[in-house]
Amino acid sequence: MDWSSLIGIALALAGLFIGHGLEGGKLASLLQPAAFAIVVIGTTGAVLLQTESATFVRGMRMLGWVFAPPPSQRGPLAAAIADWSQHARRDGLLSLEQYMHETSDKFIQKGLRLVVDGIAPDKLRGLLETELNAYEFSQRQAIKIWESAGGYSPTIGILGAVLGLIHVMENLTDPARLGGGIAVAFVSTVYGVGLANLFFFPVANKLKGIVAETVTQYEILTEVFHDIASGDHSRVIEERVASLLTRL
């Protein structure tokens, strides 16, 4: 569990509620189901309109990484690389086939398979770089739904405000109904701007960092597989990994 994310969102909400209370406002005045429905449903619809359904679903699933990010693979990755290098030099490249069945990571499986198949080192690097570029593009497209939501929600909040004011104008002769319309008008803007800057954009930036670290690990693996296929000494590979891991 990433406690910084939980603490961050708790502080953001606390700041809003405490500030609202210090100004004499009531919590109930911020709880407007109509305004929430306008902003959340409207934003979701706009994002769905511009995004393929599979990409949207993938982006929604990635939300879990914000609060429970994938465990770091730095240590296990370094140990695995050293093991691959030693076995490749001692028993030959075909000995790496056993490791293909010990990992669920498709990128690692592909890299090991290319090495075992005896693909030329430069060709191997090119194939893995293509795979890496496709992975990064796919992940960034999924993250983009959160950036898009952050862009749409303030504007949809303004639409909610306009709808609330229309409701007010329609009921000028009924003072008892004016308060609800005005509340929806202002609270819609609060929801739109608040969700964008306190949730949608922070989520997108957090996911970008997680994906960037994974991409860096795959870049390291690409070079390692190239070195193993080239027959470089295991010590050379270990030194390369040691220097590259400092980038993570």
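Author: A contact means heavy atoms within 4.5 Å. In this chain, residues 24 or more positions apart account for 76% of the contacts with a separation of 6 or more. The model is a predicted one, in which local features need pLDDT of at least 70 and side-chain atom pairs count only at pLDDT 80 or more, while totals for chains, interfaces and linings use all residues. Residues are numbered from 1 along each chain as its sequence is written, and side-chain values use heavy atoms, with hydrogens and water left out.

Reader: How many helices and strands does the chain have?

Author: Helices (H or I, at least four residues) and strands (E, at least two) are DSSP runs, numbered from the N terminus. The chain has ten helices and zero strands.

Reader: What radius of gyration does the chain have, and what would a compact globule have?

Author: The radius is taken over C-alpha atoms, and the globule rule is 2.2 Å times the number of residues to the power 0.38. For 248 residues a compact globule would have a value near 18 Å, but the chain has 26 Å. Its C-alpha trace spans about 90 × 35 × 25 Å along the principal axes.

Reader: Which residues have the most contacts inside the largest nonpolar core?

Author: Buried means under 20% relative accessible area, exposed over 50%, and partly exposed in between (1.4 Å probe, protein chains only). A nonpolar core is a set of buried Ala, Val, Leu, Ile, Met, Phe, Trp, Tyr and Cys residues joined through side-chain atoms within 4.5 Å. The largest one here has 39 residues, and those with the most contacts inside it are Ile81, Trp84, Leu96, Leu112, Leu221, Phe225 and Ile228. Helix α9 gives the largest share of this core, twelve residues. Leu96 touches Trp84, His87, Ala88, Leu112, Val115, Val116 and Ile228, leaving aside residues up to four places away in sequence. Of these, Trp84, His87 and Ala88 are among the buried residues of α5.

Reader: Where do the buried residues of α2 lie around its axis?

Author: The arc is that of the directions from the helix axis to the C-beta atoms. In α2, Ala35, Val39, Thr43 and Val47 are buried. Seen down the axis, the buried residues of α2 fall within an arc of 75°, so they line one face of the helix. The face turned away from that buried side carries the exposed residues Pro33, Ile41 and Leu49.
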